[in-house]
Amino acid sequence: MQIQAVSIEDYISKIPEERQDAFKKLFDTIHSNLPDGFEENLSYGMLGWAVPLKTYPEGYHCTPGTALPFINLASQKNFIALYHMGLYSRPEILNWFVEEYPKHSRKKLDMGKSCVRFKKVEDIPFELIGELSRKMTVEDWIAIYESKYKK
């Protein structure tokens, strides 16, 4: 399910009402904990934070001319999804997150390579997501991206 929106506020307003408060809190948690340099955006039908072209003019190799994505947040049909490229690209961050998750949530971790799914808003570990958001700087992400993914 993709939400068509023209702004972050428009996106949030189109989320089912029972999820809006938790989604907004998750958005604010990420935003207030990310190191300086990432910019909010709408990309791939989701809210996101990316390294802007003014910082990294080469941008994202898969979509030339666009900012380098780092974190995305989406309201899907049956869950809220958090996509974090640090989980995908840094085994030590992934291992840390998997070990910490049970300390912050009673629910089993539901995740793919970079996607963490929250089926119930009351199960979102906001404090842990804030800590995850602080784990990588813009410079860290650019260095990892250039060493692993840039063609």
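User: Among contacts in the protein chain between residues at least 6 apart in sequence, what share joins residues at least 24 apart?

Analyst: The share is 59%, where a contact means heavy atoms within 4.5 Å. The model is predicted, so local features need pLDDT of at least 70 and side-chain atom pairs count only at pLDDT 80 or more, while totals for chains, interfaces and linings use all residues. Residues are numbered from 1 along each chain as its sequence is written, and side-chain values use heavy atoms, leaving out hydrogens and water.

User: How many helices and strands are there?

Analyst: The protein chain has six helices and five strands. These are DSSP runs numbered from the N terminus: helices are H or I with at least four residues, strands are E with at least two. From the N terminus the order is α-α-β-β-β-β-α-α-β-α-α.

User: What part of the chain is buried?

Analyst: Buried residues are 46% of the 151 in the protein chain. Buried means under 20% relative accessible area (1.4 Å probe, protein chains only).

User: Which residues of H4 are buried?

Analyst: They are Ile93, Trp96, Phe97, Glu100 and Tyr101. Helix H4 itself covers residues 91-104.

User: What covers the buried residues of H4?

Analyst: The cover includes helix H3 (85-89), strand E5 (115-118) and helix H5 (126-133).

User: Changing topic, what does the C-alpha trace span?

Analyst: Along its principal axes, the C-alpha trace of the protein chain spans about 40 × 35 × 25 Å.

Definitions and conventions: Buried < 20%, exposed > 50% of the residue type's maximum accessible area, 1.4 Å probe, protein only. Expected span 1.5 Å × (residues − 1).
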